[in-house]
Amino acid sequence: MKNGKLGLNEKIAYSMGDVSANLLATFIGSYAMFFYTEVYGLPAMAVGTMFLVANIWDAVNDPMMGFLADKSKHRKGGAYRPWIKRAAIPLGLFFILQFTCPNLSMAGKLVWAYVTYIGTDMLFTVVNVPYGVLNNVMTADMNERTVLSTFRNIGSNIGSMLVSYGTIPLVAYLGAGNDVKGYQMTAVVFAVISTLALFWLCAGTKERLKPAKNDLKVKESLKVIFTNKPALCIVVSMFFFNTTVNFKFAYNIYYCAAYMNRADLTNIIGTLIFFVAMVVLVVIPKLTEKIGKRNMLFLGGALYVIDGVAFLLGGHSVPMLYATAVLFGFCLSFSFPILWGTIPDTVEYGQWKTGIRAPGSIYSACTFANKLAQGASGWILGIVLTVIGYSQGSAVQATGVLQGIYWSNALVLIIGGILGAAAVIPYKLSKKVYDGIVEELEEKRVLDEENTESEE
């Protein structure tokens, strides 16, 4: 690390955390509903309710994990990476079990789905809350954090592209016509890659900023979050944008197979979205530096709305479907790198306002919002499929069902874009304000050290 800048190898290693996360999250988000309903035979409404219940519980345990992470002692391996090492292998195993189909009664199948889905999500939390905090302890440089966030999103898009491009071919090849086996073996492939990526992350990154001694109580942890206006803006915005994106990815297979009558388009569209998102990331740091993070999120919200309108105009046109996929890739890059890159800034704001530094608590509030979004999107998807009368296992859907798929796909994008952008209207933590806060915190730190030395 020279002149406050991180080396390329460390940035690549850091990106492996989201390669791992999105191999699992994209597979679950894009194919779990389809797997549970079309392969395992569970009712759509029951699965949607499971997503909501499981993710509410998972959202609750995220702040608990953040509290534990903030109280971790800095040892040889750091304060946060040891959590990732411990949970990496169990996470991969539970992920495989989630896509395994034991021969049970309908009630037994639902219990199995609940246990394996919740188990995977809880281990995902143990890995990803500490991972998110790494951005905060690897460097104090605001621009480097934005660059790290960009690398993180490159890793995210690589992981997601592997899933989007590879899932359907892998299920067909590894299952040889048996989707039950195909999904399980595909989960094995992704679990192995995910686990190796996590060990690469731990080996290639360094925690340079030691966490302050933290005697944080649960009440104080909540105070850190609820008195931090910028952090709350980001949490709410994350919820709306993630609900929109999770719904869209889970809906993609239904939209292509039923409305477009082209199931083969599913992996093409998914791959195109993430490829475009990754390419666009090249311009994100410079553009963010020029117009600011808040304005970038306004622009991102507008792109979601435009994409929804484009779906309404496109109808059954395949070229227009490709165009909406390209635009959706822009949507991802103009929202999530900014949101994740903003979290460390709100940590300093919280420390300045309350005197308490709690990156794990603030990061876990954001993952709390993401988990609620996953549950909400799955629940909404279950409701939509039930209300429009979607027929499970049917090769041809009724005209009313197709119209329901058409309208719901577009309206979720439009509404989500508006709400996600509106949430950051009160966000006022500009670079100028942030730099002043960091300067004040540094002056206080130096003064405290001088007072400590004089007392000794």
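Ala, Val, Leu, Ile, Met, Phe, Trp, Tyr, Cys and Pro count here as nonpolar, Asp, Glu, Lys and Arg as charged, and the others, Gly among them, as polar. Keep that in mind for the tour. The model on your screen is a predicted one.

**Stop 1: the inside**

Start with the cavities: the structure holds four of 30 Å³ or more. The largest cavity has a volume of about 840 Å³. To find it, select Asn22, Ala25, Asn242, Asn246 and Gln374, which lie nearest its centre among the 42 residues of its lining.

**Stop 2**

Now colour the helices around the largest cavity. Those giving two or more residues to its lining are H1 (8-39), H4 (106-138), H5 (142-175), H8 (229-259), H9 (265-280), H12 (318-333), H13 (336-354) and H14 (359-387). Which helix gives the most to this lining? Select H1, which contributes 11 residues.

Next, colour the lining by residue class. You will find 21 nonpolar residues, 17 polar ones and four charged ones around the largest cavity.

**Stop 3**

**Stop 4: one residue up close**

Finish by zooming in on isoleucine 56, found in helix H2. Why does isoleucine 56 count as partly exposed? Its relative accessible area is 41%, and partly exposed covers the range between buried, under 20%, and exposed, over 50%. A patch residue needs over 30% relative accessible area, so isoleucine 56, at 41%, passes that cut-off.

Key. Residues numbered from 1 in each chain as written. Predicted model: local features only at pLDDT ≥ 70, side-chain atom pairs only at ≥ 80, totals over all residues. Heavy atoms only, no water. 1 Å grid on protein atoms, 1.4 Å probe; cavity = no way out; pocket = protein on both sides within 12 Å on 5 of 7 lines; lining within 4 Å. Points joined across faces, edges and corners; volume = space filled by probe spheres on them. Helix = DSSP H or I, 4+ residues; strand = E, 2+ residues; numbered from the N terminus. Buried < 20%, exposed > 50% of the residue type's maximum accessible area, 1.4 Å probe, protein only.
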